[in-house]
Amino acid sequence: MNATETYDDFCLRVRELSDLGHAAGMLGWDQETQMPKRGAQGRASALGTLAGLHHEKLVDPQFADLVESLADSPLAGDLEINVRETRRAQLRAMRLPKQLVVELSRTQSLAHEAWVEARIADDFAQFRPWLEKLLSLQLRVADAVGYEGSVYNAFLDEFEPYARVEQMGPLLEQLRKRLVPLVTAILDRQRGPDPSFQCDWDIAKQEAFGRQVIGDLGFDWDAGRLDVSVHPFCGGVGPDDVRLTTRYQADQLTSSLFGMIHETGHGLYEQGLPPEQAGLPVCESISLGIHESQSRMLENMVGRSRAFWQYQLPRMQEFFPDQLRNVDVEQMYREVNRVEASMIRVEADEVTYNLHILLRFELEQALVAGEIAVADLPGIWNERMESYLGIHPANDAEGVLQDIHWSSGLIGYFPTYTLGNLYAAQLFVQARHDVGDLEAQFARGETAPLLSWLREKVHSRGRRVTATQLVEEVTGRPLGIDALMNYLEGKFGELYDL
Ligand code: ZN
């Protein structure tokens, strides 16, 4: 076979793997949005079979030889990246002993059950042995797949490829040092919720308005849809079929809306990936952090801006004429940017959110480095909540047991949320520099110029660059904390008269 035939053969096999992922993705989406309760067992079996087939095909010795021969040959551009990324996934899969994979997967489901019960019983001790077991299994995984520098890099690499805790750690430390005083100053001037928004908000109208906003933001309804799920997410199978989900609460006007805007940010990224590379690694997102930067930018820097509401409030008033008759833009802007010290990460505002993440990131690093024991977690968690946010969890259910991540063995996932905020802020500064007065555009309902900029600079590049390269190439600077902190200090300094 000559080099072109070898590469064509390679693409066929990678696209087959992608098709298996497509089937699993659709079954997973259906499970969250449509499947009746009794379908669970059959679905678990079908997904297990697909995962097994995927693994078999990925580590198939003939395919491994093919990938290795391509990796050794001179390739450039998309070919090189497709081979490099496939090789990464293949090596990882080949290095993991099957017995370890099976044990980890079984422990994950049992640990998840134990976590659900421990959270209901508000008893960390019930979950502790499971977390200890998961941690020791994950450390064995790290040893098997290998890593450079800190063992934490082995975990991080799965969610934020090529990121290194040696670079990211000090950056997030700087962020914490500048963020804590801002949060303290805001909380001194804390105000309660505006009573104008405490009414019943018809869910059908919330949905209709939300769909209108999603469309306004540029989401292509011919290449995606919106459904309801318990935990909102953006799924799908590539640029032409993106699945957004949300959930509605009748006593909350904007909670579902901001969830929809957030997922739309993820969805626009997916719809903008390079279609000519569909089914190949180049048509995938760069990292969870970059993915999150797209959702956070849309949710916070666009959706929580004054200009956005100048355009959208009159439209929202058409759906809720009685309740919103006397609400003005300023009032809406203040309400959607209210800062509160809260126990629960997923309910946190955009200022305190990062402190919730930094706390988890610090504990994870200490855990994998063996500096603290699992048994120490609740105590240290509560101490840090006190020192970062001035509040003390009343129990473990609203403290160390609140997140699903650790119960599924996910270590190294949390920092991607804050990286997303850092990327978003730095990219947004550059967008304003390149595109002009974004706020004046938002006030006229024009988000298309920002979207075209994101399409060109981020989405259409797919996985052709790493996160670090993307940020440096687009903004001319390495990732830093200034853009995010300047944005937060400016916006909330004005809102809270600091
Ligand atoms: Zn997200």
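Predicted model: local features only at pLDDT ≥ 70, side-chain atom pairs only at ≥ 80, totals over all residues.
Q: What makes Phe124 and Phe127 an aromatic pair, and why is the pair called edge-to-face?
A: Rings pair if their centres lie within 6.5 Å, and planes over 60 degrees apart count as edge-to-face. Phe124 and Phe127 sit at 6.4 Å centre to centre with 80° between the planes, so by those cut-offs they are a pair, and an edge-to-face one. A search of the whole structure turns up 16 aromatic pairs.

Q: Where do Phe124 and Phe127 lie along their helix?
A: They are three residues apart in helix H6 (residues 124–145), so about one helical turn separates them.

Q: How do you know whether Phe124 and Phe127 are buried or exposed?
A: Buried means under 20% relative accessible area. Phe124 comes out at 5% and Phe127 at 3%, so each one counts as buried.

Q: Which residues make up the aromatic cluster?
A: The cluster consists of Phe159, Tyr353, Trp381, Trp406, Tyr413, Phe414 and Tyr417.

Q: Why are S1 and S2 called edge strands?
A: The three strands form an open sheet in the order S1-S3-S2, with mixed pairing. Strand S1 (224–228) and strand S2 (234–236) each pair on one side only, and that puts them at the edges. From one strand to the next, the twist averages 30°.

Q: How do you know that S3 pairs with S1 and with S2?
A: Two strands pair if there are at least two bridges between them. S1 and strand S3 (residues 242–246) have five bridges, in the parallel sense, while S2 and S3 have three and run antiparallel. Both counts reach the cut-off, so both are pairs. Leu226 stands opposite Leu244 in S3, Asp227 has Thr245 as its bridge partner, and Cys234 has Leu244.

Q: What lies between S2 and S3 in their hairpin?
A: There are five residues between the strands, and Gly238 takes a positive phi near 105°.

Q: Why is S3 described as largely enclosed?
A: Five of the five residues of S3 are buried, so the rest of the structure largely encloses this strand. Val242, Leu244 and Thr246 cover one side, with Arg243 and Thr245 on the other.

Q: Which helices lie against the sheet?
A: Helix H1 (residues 3–33) lies across S1, S2 and S3, at about 35° to S1. Helix H10 (residues 255–272) packs on the sheet and touches S1, S2 and S3, with its direction at about 170° to that of S3.

Q: What makes His262, His266 and Glu292 donors of the zinc ion?
A: A donor atom must lie within 2.8 Å of this metal. NE2 of His262, NE2 of His266 and OE of Glu292 lie 2.1 to 2.3 Å from the zinc ion, so they pass. Along the chain, the donors follow the spacing H-x3-H-x25-E. His262 in helix H10 and Glu292 in helix H11 (residues 288–302) are 30 residues apart, so this pair links distant parts of the chain. Both His262 and Glu292 are buried.

Notes. Residues numbered from 1 in each chain as written. Heavy atoms only, no water. Phe/Tyr/Trp six-rings, centres within 6.5 Å; stacked < 30°, edge-to-face > 60°. Helix = DSSP H or I, 4+ residues; strand = E, 2+ residues; numbered from the N terminus. Buried < 20%, exposed > 50% of the residue type's maximum accessible area, 1.4 Å probe, protein only. Axes fitted to C-alpha atoms, helices over the stretch in contact; angles between N-to-C directions. Contact = heavy atoms within 4.5 Å. Donors = N, O, S within 2.8 Å, 3.2 Å for Na, K, Ca; no water.
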